[in-house]
Amino acid sequence: MLDVSESLTPRSTLAQRWPLWLPPLIAAFYPYLLDAFHVLVKGEGHITPAAALLLLAAFAVPALGLHLACRASGRGVEQTRARRLGLLLVATPTLYCFVGVNLYMLGIATAEGWIWTLAWLALAPLAAVATPAEHDARTERPTPTLLRVAHGVSGALVALFIAFHLFNHLLSLAGPEVHAVLMERGRQVYRAPLVEPLLVIALLFQVVTGLQLAWRWSTRGGDFQRMFQLASGVFLAVFILGHLNAVFVFARLWAGIETDWAFATGAPTGLIMDPWSIRLLPHYALGVFFVLAHLGSGLRVVLLAHGVARRTADRLWWLGAGAAALVSLAILLGMTGLRLG
Ligand code: HEM
């Protein structure tokens with residue numbers, strides 16, 4: 001397997017420094033995969049094999065980011081930077097939605113492609129700048145136990161809302177009416193004057209503490225599950241900020257629209273056929289997958305700390321990740337029109 005530990009040193013050439021400039025370069029062109037997908041489905045009226053491949057390629061971008069973060073397993077400033085750039089690449093699909101919503105509100109949505117691509121292209125050479133040899137000492141930083149416990153406990157509480165929220169979206173398989181009935185009931189609890197601010201504060205707390213933990217953990221390499229925990233956490237930090245921004249700022253404050261089924265599914269055109277909303281498909285699919293699998297990663301850490309054998313904990317983690325992928329697939333199929341019964 002490709003390992004970048006050897007090639008990344010302060011004296012390596014620009015070509016050898018590819019783990020630093022490649023992630024921003026890939027992120028720069030992420031939107032064009034979705035644009036090309038749209039051109040194909042618009043022309044044919046349905047998803048062709050070529051369009052499906054383009055959608056798969058869009059999902060391959062965060063997978064590649066995770067792969068690069070895992071491969072940068074060595075020590076030093078540049079290995080850490082390579083890991084962080086890999087993690088940032090994982091968050092590309094949700095960052096693209098966040099940026100898109102804000103540029104739309106600023107009235108410059110038409111310049112979005114330019115702004116996105118040029119910003120990433122500008123970052124690529126900056127990311128590849130060599131670190132002076134004297135700074136390339138050990139950079140590993142410990143992760144305070146209190147921070148980890150606070151993140152875990154608050155995460156477990158937030159998980160209660162997430163479980164309800166995702167079950168609600170799973171009901172889209174039964175149709176928008178059933179989805180709406182449960183959402184209306186749930187709103188009486190999670191939109192209650194005391195509950196809603198607490199929920200938002202708890203999620204923002206997850207974002208702040210999670211980013212702090214990821215920043216510290218990323219100073220050292222780790223096994224696949226550890227890197228996955230960091231990658232899913234970084235994705236979720238951006239996802240949560242973007243999702244709260246879309247629901248509270250964009251829909252409720254700025255546009256004054258209902259945050260209902262039509263809002264979530266980009267009705268009437270839908271997630272697949274709309275040139276803007278297609279970006280929501282990887283954003284939602286990965287949001288659901290990562291939030292469930294991230295909880296699984298937390299559980300794995302707890303199990304290991306309580307003496308459960310590594311093999312058993314890893315097997316449980318894989319089971320959880322598989323289940324998370326199935327739930328994500330089911331929700332997205334429901335949101336894009338599949339009905340059971
Ligand atoms: C398929 C994935 C998802 C879709 C389609 C979706 C859609 C929505 C919609 C339509 C609302 C407005 C609800 C309402 O008006 O009552 C909402 C609110 C919210 N969502 Fe999601 N969501 C998804 C995943 C997530 C995930 C993974 C999280 C957490 C990490 C999350 C956190 C929230 C929060 C905190 C709110 C605000 C609740 C409130 O109104 O107080 N969502 N979401």
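Predicted model: local features only at pLDDT ≥ 70, side-chain atom pairs only at ≥ 80, totals over all residues.
## Terms and model

Two residues are in contact here if their C-beta atoms, placed from the backbone, lie within 7 Å. Helices (H or I, at least four residues) and strands (E, at least two) are DSSP runs, numbered from the N terminus.

Residues are numbered from 1 along each chain as its sequence is written.

Let's start with α2, residues 49-71. Its 23 residues should span 33 Å at 1.5 Å a residue, and its end C-alpha atoms are 31 Å apart, which agrees; the expected span is 1.5 Å times one less than the number of residues. The helix bends by about 30° at A60, and the proline P62 follows within four residues. (The bend at a residue is the angle between axes fitted to the seven residues ending there and the seven starting there.)

Buried residues of α2 include L55, P62, G65 and A69. A residue is buried if 20 or more other C-beta atoms lie within 10 Å of its own, exposed if 12 or fewer, and partly exposed in between, with C-beta atoms placed from the backbone. The buried residues of α2 pack against α1 (18-44), α3 (77-90), α4 (92-105), α9 and α11.

## The nonpolar core

The largest nonpolar core has 72 residues, of which A231, V234 and F235 touch the most other members. Such a core is a set of buried Ala, Val, Leu, Ile, Met, Phe, Trp, Tyr and Cys residues joined through C-beta atoms within 7 Å. Not counting residues up to four places away in sequence, A231 touches G65, L66, A69, L87 and V90.

Leaving out residues up to four places away in sequence, L87 touches G65, A69, A214, S218, L230, A231 and V234. L87 and A69 are 18 residues apart along the chain, and their C-alpha atoms are separated by 6.2 Å.

## Around the ligand

Which residues come nearest to the ligand? Of the 22 around it, they are T259, A264, Y284, G287 and V291. The elements giving two or more residues to this shell are α6 (145-170), α7 (176-190), α8 (195-217), α9 (224-255), α10 (261-265) and α11 (280-305). A residue counts as near if its C-beta atom, placed from the backbone, lies within 6 Å of the molecule.

## Helices α6 and α11

α6 bends by about 30° at V158. H151, G155 and H169 are buried in α6, and its buried residues pack against α8, α11 and α12 (310-335).

In α11, 19 of the 26 residues are buried, so this helix is largely enclosed by the rest of the structure. Its end C-alpha atoms are 37 Å apart, in agreement with the 38 Å that its 26 residues should span at 1.5 Å a residue.

## Backbone details

Two backbone features are worth a look. A cis peptide bond joins A267 and P268, with omega about 5°, and P268 lies in the loop between α10 and α11. Just after α11, G307 takes a positive phi of about 85°. For context, most residues other than glycine have a negative phi, and most peptide bonds are trans.
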